[in-house]
Amino acid sequence: MISKKTAEALNEQIGKELYSSHLYLAMGAYLQAEGLPGMAGWLKAHAEEERGHAMRLIKYVEDQGAPVRLSGIAEPPAEYGSPRQVFEAVLDHERKITASIHALVELAIEERDFATQAMLQWFVTEQVEEESVASETVAKFKMIGGDARGIYLLDRELGQRK
Ligand code: OFO
């Protein structure tokens, strides 16, 4: 059994994961409209992953016999200045999600809640991967600068994500 405070914090995290999914879907739609289907596909696949993160947390809260409470999902931005800005926003968002996961771990440690600590380890590892992929992509955009051929090739590369 998890504490009421932990259940509330996990429910908040579920809301954040669902917002991440929404955000990446909106970013994908923006890039599709910009004529970059590879980058759009990458973000849409990422949106699916975020939904998976929410589902993983929902299952854990259910398994602990605590109530699942879904909040409304805020409207994500629909416009960005450039494809590079989209991926900078992804990196920034993932850093915030990492901080949020770490705060959950801190709470679980404080409460000597070993099961929640163990469950959260998966998310701690996942966030390392998420930040690393986003930051590599931002680095590639910096290398390319405004070169249209570079953008075209990066679109193709990101489009290979399954
Ligand atoms: Fe769920 O990791 Fe990204 O946001």
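Glycine 65 follows helix α2 and has a positive phi, near 70 degrees. Helices (H or I, at least four residues) and strands (E, at least two) are DSSP runs, numbered from the N terminus. The model is predicted: local features need pLDDT of at least 70, side-chain atom pairs count only at pLDDT 80 or more, and totals for chains, interfaces and linings use all residues. Residues are numbered from 1 along each chain as its sequence is written, and side-chain values use heavy atoms, with hydrogens and water left out.

**Overall build**

- The chain has five helices and zero strands.
- Read from the N terminus, its elements run α-α-α-α-α.
- Along the principal axes, the C-alpha atoms fill a box of roughly 55 × 25 × 25 Å.
- Of the 162 residues in the chain, 46% are buried. Buried means under 20% relative accessible area, exposed means over 50%, and partly exposed is in between (1.4 Å probe, protein chains only).
- Among contacts with a separation of 6 or more, 79% join residues 24 or more positions apart. A contact means heavy atoms within 4.5 Å.

**Helix spans**

- The expected span of a helix is 1.5 Å times one less than its number of residues.
- α1 has 30 residues and reaches 44 Å from its first C-alpha to its last, close to the 44 Å expected.
- α2 has 27 residues and reaches 39 Å between its first and last C-alpha, close to the 39 Å expected.
- α4 (residues 114–144) has 31 residues and should span 45 Å; its end C-alpha atoms are 46 Å apart, which agrees.

**Helix α4 and its ends**

- α4 has a kink of about 30 degrees, centred on leucine 120. The bend at a residue is the angle between axes fitted to the seven residues ending there and the seven starting there.
- At the start of α4, a side-chain oxygen of aspartate 113 comes to within 3.4 Å of the backbone nitrogen of alanine 115. A polar contact is a pair of N or O atoms within 3.5 Å; within protein, one must be able to donate a hydrogen and the other to accept it, and residues adjacent in sequence count only if both atoms are side-chain atoms.
- Just after α4, glycine 145 takes a positive phi of about 65 degrees.

**Positive phi elsewhere**

- Glycine 35 follows α1, and its phi is positive, near 80 degrees.
- Arginine 112 is not a glycine, yet it has a positive phi of about 50 degrees. Most residues other than glycine have a negative phi.
- Arginine 112 lies in the loop between α3 (83–110) and α4. Arginine 112 is exposed, because its relative accessible area is 62%.

**Residues of helix α1**

- Threonine 6 is in α1 (residues 4–33). Threonine 6 counts as buried because its relative accessible area is 3%.
- Not counting residues up to four places away in sequence, threonine 6 touches Leu107, Glu111, Asp113 and Thr116.
- Glutamine 13 also lies in α1. At 1% relative accessibility, glutamine 13 is buried.
- Glutamine 13 touches Leu57, Ile97, Ser100, Ile101 and Leu104, again not counting residues up to four places away in sequence.
- Tyrosine 19 has its place in α1. With a relative accessible area of 21%, tyrosine 19 is partly exposed.
- Leaving aside neighbours within four places in sequence, tyrosine 19 is in contact with Ile73, Ala74, Glu75, Pro76, Pro77 and His93.
- Tyrosine 19 and threonine 116 are 97 residues apart in sequence and 22 Å apart in space, C-alpha to C-alpha.

**Valine 61 in helix α2**

- Valine 61 sits in α2 (residues 37–63). It is buried, at 0% relative accessibility.
- Leaving aside neighbours within four places in sequence, valine 61 is in contact with Leu10, Ile14, Ala66, Pro67 and Val68.
- Valine 61 and serine 71 are ten residues apart in sequence and 15 Å apart in space, C-alpha to C-alpha.

**Aromatic rings**

- The structure holds four aromatic pairs. Rings of Phe, Tyr and Trp (its six-membered ring) pair if their centres lie within 6.5 Å; planes under 30 degrees apart count as stacked, over 60 as edge-to-face and the rest as tilted.
- One aromatic cluster is formed by Trp42, Phe87 and Phe141.
- The charged end of arginine 56 sits over the ring of tryptophan 122, 3.7 Å from its centre. A charge sits over a ring if NZ of Lys or CZ of Arg is within 6 Å of the ring centre and within 35 degrees of the ring normal.
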